[in-house]
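Biologist: Could we go through this structure together? I would like to begin with the strands and then turn to the helices.

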Amino acid sequence: MYSITKGYVKSQEDTKFLIRQISSRESINQKLYEILETNKRDAVKELGLIEHEGRDVVIALKTKQAIRNVIAKALKNLTFLWSRGIIDKHEGVEMNKVLLTKIKSLNNIPMAIPPPTPDKYLHNIVWLENKDALIEFFKDRAKLAYFDYGDIICKEGEMPQGIYLIISGMAILQSSPPTFGIERSLRAERESTSRFTEYCTSGDIIGELCCLLKREFEYTAICETILQACFISLEDLYEGFDVFWPSLEYKIWLKLALSIAYQYFESSLVDEDLTFQKCVVLNHAYVETLSSYNEVTIDNVNMKFVIVVYGSVIDTKTEIPYLAPCILPKTCEQVQGTSDLSKLLIIQASEPVKNSNTKAMAHTSFEMTKRDYNWKRKDELEAGTHFRKGY
């Protein structure tokens, strides 16, 4: 049924092409074009319904077709290499037999493939880090969710129910300008009335920030195609925070902070190696949290960039406000949080700046400071009182 319908769609496309070649009257051409386009649109809708009702069969069919295409391409390349004398005749014959056997064996593959399990896709969530304990925890809690074309995954202004990891398909996100945790009235002079549009595809996650903050969605997510997602409920996510406190929640913030930094300041960070794994393991960058009126001192020697990725801060010396997202200037020595919650992404300098006259002394001082910091961080982690720096 799926194959026939798919063939029908292709036939409508081919016929439209032929009509353009042979038709001499524009009115007839337009009328036939509209009929063929309507037929094609109805057939595509039918394909979507078939795929929704018999997903496992369609997946198996698509897998078979993809394998056939790969083998057909391999046969074509083999013929070319054989004809040029690059592959020996005897070897070419044997390879040709193997490829033809593979094509025949496809008929023995069962058409019903068991539906995928959520744990297969949990490995794609970067903040789970492929760690067995984390994946095992969410494996039984995660569920597969299916959406049809035009379905709304979440609406702007609604409270989040959980996060969605897109397995297949595409969704479009439509929103007002993002607030980054700042009242819109504070951005009045920069506020835009235009709507933002963003596309999410396989591997993207919907709802991370809203779940972290337990705040309403700032966008509406609409399925552009049939979509399959791995769903983790808000309750299960926060249970995970409790079990794996404090690392899990921090790592989600780190992933989001890195994404915001690259989205808005890619040209400044082009030479930085800020992969999530390296930031976690080697402490290349970390997230600092500020609540309202809390302060943090900026060490411009060992901190290459300090980026406000959420909320707002004020320079305690000049009283200049900085709203997310922005890179703090090097003149900032200390900032104070001015939002209920502010997040700073701090990118470490690869090497401390040294004065040429006191190079050895500065190096020793830096190493001692670094060692003392690591000891302090170890004590804090063991005491369970602090988790942000370098975890």
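Biologist: What is the bridge partner of Ile307 in β14?
Modeller: The model is a predicted one, and in it Ile307 has Ile327 of β14 as its bridge partner.

Biologist: How many bridges join β11 and β14, and in which sense do they pair?
Modeller: There are 2 bridges between β14 and β11, which spans residues 303-310, and the pairing is antiparallel.

Biologist: In what order do the strands of that sheet lie?
Modeller: The order is β9-β16-β11-β14, an open sheet of 4 strands with antiparallel pairing. Its edges are β9 (285-291) and β14 (326-327), each of which pairs on one side only.

Biologist: Turning to the helices, which residues of α6 are buried?
Modeller: Leu134, Ile135, Phe137 and Phe138 are the buried residues of α6. They lie on the same side of α6 because the arc they cover around the axis is only 160°.

Biologist: And what is exposed on the other side of α6?
Modeller: Asp132 and Ala133 are exposed there.

Biologist: What covers the buried residues of α6?
Modeller: The cover includes α5 (118-122), β8, α8 and α9.

Biologist: Which residues of α8 are buried?
Modeller: In α8, which runs over residues 234-243, the buried residues are Leu234, Asp236, Leu237, Tyr238, Gly240 and Phe241.

Methods. Residues are numbered from 1 along each chain as its sequence is written. This is a predicted model: local features need pLDDT of at least 70, side-chain atom pairs count only at pLDDT 80 or more; totals for chains, interfaces and linings use all residues. Side-chain values use heavy atoms; hydrogens and water are left out. Buried means under 20% relative accessible area, exposed over 50%, partly exposed in between (1.4 Å probe, protein chains only). Two strands pair if DSSP finds at least two bridges between them. The arc is that of the directions from the helix axis to the C-beta atoms. Contact means heavy atoms within 4.5 Å.
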